[in-house]
Amino acid sequence: MDFALTEEQSAIFDMARDFGQEHIAPHARTWESDGTIPKDLWLKLAELGFGGLYVSEERGGSGLTRLDATLVFEALSQSCASVSAFLSIHNMCARMIDAYGSDALKDRILPKALTMETILSYCLTEPGSGSDAAALKTKADRDNAGYVLTGTKAFISGGGYSDAYIVMARTGDDGPKGISAILVEDGAEGLSFGGLEDKMGWRSQPTRQVQMDSCPAPAENLLGEEGMGFKYAMAGLDGGRLNIAACSIGAAQSALDQTVAYMAERKAFGKSIDQFQGLQFRLADMEIALQSARTFLRQAAWKLDQGAPDATKFCAMAKKLCTETGSEVADGCLQLHGGYGYLADYGIEKIVRDLRVHQILEGTNEIMRLITARQMIQ
Ligand SMILES: Cc1cc2nc3c(=O)[nH]c(=O)nc-3n(C[C@H](O)[C@H](O)[C@H](O)COP(=O)(O)OP(=O)(O)OC[C@H]3O[C@@H](n4cnc5c(N)ncnc54)[C@H](O)[C@@H]3O)c2cc1C
């Protein structure tokens, strides 16, 4: 058993961290207030191979392992968790197209998805179904040319901003086996978007409803087989959950690093506040919590890479552990900054706000426990 990163993995981490520090961190607050991320950022990230991190090399992707990919998301999140998490969604979709799309669809969509001229979004949630995702109601009726979709998707990251949407829609009976995954491209007739959602965190990412009113999609836009869409959507989420977990760890690490530096400077009662043993113990507890969550995350990623039978359970457990640990650490860092932690200039309150949603999306942490417990008692 070897817990060390390889030289190549360390290089991937360093490259992503350095890119983030140069191209993301200086702008993250502006993008938050603008409510959008400039699209040329994605082109630059794609030059590093980050547009298709685990798309196969034969299709022009980077062919990295899931473990390698978590390093990228952890490192980028040290600059901005919102940007990093958005990249994760695009990658999750690119991989779904690579894994399940027809050759015609891959030929048409993947090249520009890899260069990130085309940004991809994932549409599972609906206004009436989130955790109970298999209860979705969006319909995709067959016609001679392919499918005609009608329904509304809620909370879509990149809604109205992305170039194509993987939509989970009902082509058959109620329940998971009646769901298919279909790519809907921007500009399609009948495709429209709700207003920009005003959110606590992830504010640089545009979130909108995606509405389809008799919206056509050609037959080649079906991923894999009809009726398998829910399975594909859940498989995509295994890796997505690892990435979100990594985003929490990376951003919390950055909060902790900033806090250690701040505490050495800040004086109270005649000494720097890092000299109070009670506060040193808090630092130690946060370090222990983050290091153990990171180790567990990497084990879960390794399980997914190995195709281990319990990989889904481990991805769910890692998502729960890392997102809660990340938020607790970030909140603890805010406290150790005193009033300054509450000010936007210090960067910590943004991390607290950005990380909170990681406990809710890609399956809430209650659902992560449900997945875990189900596997324990079956
Ligand atoms: C900023 C943001 C971005 C998002 N981006 C996307 C996206 O790009 N694509 C997408 O498809 N979705 C996206 N989502 C949606 C997200 O995945 C859902 O919000 C999430 O799955 C929860 O669904 P819900 O909001 O309907 O809550 P509900 O399912 O209504 O849950 C409400 C509460 O009940 C709990 N609960 C529900 N069922 C159970 C149960 N069986 N046992 C125990 N507790 C339960 C939940 O854990 C939660 O605490 C996003 C959400 C947000 C906030």
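Predicted model: local features only at pLDDT ≥ 70, side-chain atom pairs only at ≥ 80, totals over all residues.
## The nonpolar cores

Let's start on the inside. The largest nonpolar core holds 96 residues, and the ones with the most contacts inside it are L41, W42, L76, I97, Y122, I166 and M168. Helix α7, which runs over residues 229–265, gives this core its largest share, at 16 residues. As a rule, nonpolar side chains in soluble globular proteins tend to be buried together.

Leaving out residues up to four places away in sequence, W42 touches I37, V83, F86, L87, T115, M116, I119 and Y161.

## Salt bridges

How many salt bridges does a search of the whole structure find? The count comes to 19. One of them joins the side chains of E126 and K153, with N and O 2.9 Å apart. E126 sits in the loop between β1 (120–123) and β2 (139–142), while K153 belongs to strand β3 (residues 146–157), so this pair ties together parts that lie 27 residues apart in sequence.

Other pairs sit in different surroundings. K139 bridges to D141, with 3.6 Å between the closest N and O atoms. K139 has 42% relative accessibility and counts as partly exposed, and D141, at 38%, counts as partly exposed too. R203 and D198 meet through their side chains at 2.9 Å, N to O. Here R203 is partly exposed at 32%, whereas D198 is exposed at 69%. There's a network as well: salt bridges link D14, R17 and D18.

Helix α5 covers residues 81–100, which makes 20 residues. From its first C-alpha to its last it reaches 28 Å, close to the 28 Å expected at 1.5 Å a residue. Most of α5 is covered, with 17 of its 20 residues buried.

Helix α11 (residues 365–377) has 13 residues, and its end C-alpha atoms are 18 Å apart, in agreement with the 18 Å it should span. Which residues of α11 are buried? They are N365, M368, I371 and T372. These four cover an arc of only 110 degrees around the axis, which means they're on the same side of α11. What covers them includes α7 and α9 (311–336). On the face turned away from that buried side, you'll find the exposed residues E366, R374 and I377.

## A covered strand

In a regular strand, side chains alternate between the two faces of the sheet. In β1, both faces are covered: L120 and Y122 are buried on one side, and S121 and C123 are buried on the other.

Strand β4 (residues 164–170) pairs with β1 in the parallel sense, over four bridges.

## Positive phi angles

Most residues other than glycine have a negative phi. Two spots in this model are worth a look on that score. F155 is not a glycine, yet its phi is positive, near 60 degrees. F155 is placed in strand β3 and counts as exposed, at 61% relative accessibility.

The other spot is S214, again not a glycine, with a positive phi of about 50 degrees. S214 is found in strand β7 (residues 207–218) and is partly exposed, with a relative accessible area of 42%.

One last stop is L283, in helix α8 (residues 277–306). Is L283 buried or exposed? L283 has 16% relative accessibility, so it counts as buried.

Setting aside neighbours within four places in sequence, L283 is in contact with L256, T259, V260, M263 and L336. The C-alpha atoms of L283 and A330 are separated by 11 Å, and these two residues are 47 residues apart along the chain.

Methods
Residues numbered from 1 in each chain as written. Heavy atoms only, no water. Core = buried A, V, L, I, M, F, W, Y, C linked by side-chain atoms within 4.5 Å. Buried < 20%, exposed > 50% of the residue type's maximum accessible area, 1.4 Å probe, protein only. Helix = DSSP H or I, 4+ residues; strand = E, 2+ residues; numbered from the N terminus. Contact = heavy atoms within 4.5 Å. Salt bridge = Lys/Arg side-chain N within 4 Å of Asp/Glu carboxyl O. Expected span 1.5 Å × (residues − 1). Pairing = 2+ DSSP bridges. Arc of directions from axis to C-beta.
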